[in-house]
Amino acid sequence: MSGYLVSDNRKVTTHRLTEMKQKGEKISMLTSYDFTMAGLVDKAGVDVILVGDSASNVMAGNQTTLPMTVDHMIYHARSVVRAVNRALVICDMPFGSYQVNAAEGVTNAIRIMKESGCDALKMEGGEEILDTVKRILDAGIPVMGHLGLTPQSINKFGTYAVRAKEQAEADKLMHDAQLLDEAGCFGITLEKVPAALAAEVTRNVKCPTIGIGAGNGTDGQVLVVADMLGMTQGFSPRFLRRYADLCTVITDAVGHYVEDVKSGDFPNVNESY
C-alpha cells in the first residue's frame, strides 16, 4: 500500500538516505515503539522510524532514558519491525550497552540486530565512543550518530537546554560530526543545537543529518510521535509542532464509552449475539 504522500514504495535503505541528501530531498523520521503505531506511521509514508530509548519516557513513564535495557529495546524494536514494510527502522542502543568498552558494544549491537530484525542502530556521542562505533561498523552494522543534546548524558549536563551555543562546544560538535562521518556512519542526529551550527555541520559531512530542535538546515527532521500527535501534555518545547490533538480525541472517546457502559446503552441488541 502506498504511503500518504510517497510514490516510491521501495524499502528505504541507508543508501537511499544518502541519495536523498544528494538530491536535496528532505528525510522524514518519527519514533514508534509498538506494532499498531508503527504500522500507521509506515503506511503514512515516513522514511525512517526510530525505535528510540525515549520509550522510557513515553511508554514507561520514566523521567529519563537511562532505565532502558537491551532487552527493553529488543522488545520494542521487534514489535515495530513486524509492522513495517517501507521505512528504514533504526533502534537506539540504550545507556550502558556500549559505553563500557568496544567489545561489549559490539556484542550488544549484534544481539539487538539479530533479535529485533531492525535495519540499523543509533548511538549517542562523538570521539569518546569512536572506537566502538568503528568496531560495530566493521561488524557490518549500520550506525547513526547522535550529537548535541544527548539524553543519555543528562546527569552529566544537568539540563535539557540547547547545546553548543559556546564556540568551544560548537567546535567539538563539528569535529565529532566529521569523525563519525569519516568513520562511515550513515547519518547523524543533531538535537537541540543552534540552527546555524546544524546547517554548517550538514554542509560539511557527506552523510545525512536529522534535526530535532536544530532548525531547517538539516537533511531531515525527527519528532517523538506521541508529541507531534498531541497525545502528551505539559511538554511544549519550541521545536515541537503538534499535528493533532489526540489527547482530546482519545479522552472524549473513552469518556463516551464509560457513559454508554454505565447507562446500559452498550452493548445494544445489534452488538450482542
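Predicted model: local features only at pLDDT ≥ 70, side-chain atom pairs only at ≥ 80, totals over all residues.

Reader: What about Cys207?

Author: The closest cysteine sulfur to that of Cys207 is in Cys185, 6.8 Å away, which is also too far for a bond.

Reader: How many disulfides are there in the whole structure?

Author: Zero, according to a search of the whole structure.

Reader: Is Cys118 buried or exposed? And Cys207, buried or exposed?

Author: Cys118 has a relative accessible area of 6%, and the limit for buried is under 20%, so Cys118 is buried. Cys207 is buried too, at 4% relative accessibility.

Reader: Let me turn to Gly117. Where is it?

Author: Gly117 sits in the loop that links helix 5 with strand 4, the strand of residues 120–124. Its relative accessibility is 38%, so Gly117 counts as partly exposed.

Reader: Which residues does Gly117 touch?

Author: Setting aside residues up to four places away in sequence, Gly117 touches Val81 and Ile112. There is also a spacing to note with Cys91: the C-alpha atoms of Gly117 and Cys91 are 9.8 Å apart, while 26 residues separate them in sequence.

Reader: At what angle do helix 4 and helix 5 cross?

Author: The axes of helix 4, residues 70–81, and helix 5, residues 102–116, cross at roughly 35° and come within 8 Å. Their crossing is right-handed.

Reader: Which residues meet there?

Author: From helix 4 the residues are Val70, Asp71, Ile74, Ala77, Arg78 and Val81, and they meet Asn108, Arg111, Ile112, Glu115 and Ser116 of helix 5. Sorted by class, this contact has five nonpolar, four charged and two polar residues.

Reader: A new topic, please. How many residues does the largest nonpolar core have?

Author: It has 61 residues, and Leu121 and Leu190 have the most contacts inside it. Helix 8, residues 167–183, gives the most to this core, namely six residues.

Reader: Which other core is there?

Author: There is a second, separate core of 15 residues, and Met29, Leu50, Leu88 and Ala120 are among them.

Reader: Returning to Leu190, what is it in contact with?

Author: Beyond its neighbours within four places in sequence, Leu190 is in contact with several residues, including Leu147, Leu173, Ala198, Val201 and Thr209.

Reader: Thr209 interests me. Where does it lie, and is it buried or exposed?

Author: Thr209 belongs to strand 7, which covers residues 209–212. Thr209 is buried, with a relative accessible area of 0%. Not counting residues up to four places away in sequence, Thr209 touches Ile188, Leu190, Val201, Thr202, Thr218, Asp219 and Gly220.

Reader: How far is Thr209 from Thr18?

Author: Their C-alpha atoms are separated by 9.9 Å, although Thr209 and Thr18 are 191 residues apart along the chain.

Reader: And where is Arg241?

Author: Arg241 is in the loop running from helix 10, residues 225–228, to helix 11. At 56% relative accessibility, Arg241 counts as exposed. Leaving aside neighbours within four places in sequence, Arg241 is in contact with Leu223 and Met228. From Arg241 to Phe95 the C-alpha distance is 28 Å, and the two are 146 residues apart in sequence.

Reader: Finally, the backbone. What is phi for Ala164 and for Lys192?

Author: Most residues other than glycine have a negative phi. Ala164, however, has a positive phi near 60°, and Lys192 has a positive phi of about 50°. Ala164 lies in the loop between helix 7 and helix 8, whereas Lys192 is in the loop between strand 6 and helix 9. Ala164 is buried at 4% relative accessibility, and Lys192 is buried at 18%.

Reader: Is the peptide bond from Phe266 to Pro267 cis or trans?

Author: That bond is cis, with omega near -5°. Pro267 is in the segment that comes after helix 11, residues 246–263.

Notes
Residues numbered from 1 in each chain as written. Heavy atoms only, no water. Disulfide = S-S within 2.5 Å. Buried < 20%, exposed > 50% of the residue type's maximum accessible area, 1.4 Å probe, protein only. Axes fitted to C-alpha atoms, helices over the stretch in contact; angles between N-to-C directions. Helix = DSSP H or I, 4+ residues; strand = E, 2+ residues; numbered from the N terminus. Left-handed = near helix turned anticlockwise from the far one by under 90°. Contact = heavy atoms within 4.5 Å. Nonpolar A, V, L, I, M, F, W, Y, C, P; charged D, E, K, R; others polar. Core = buried A, V, L, I, M, F, W, Y, C linked by side-chain atoms within 4.5 Å.
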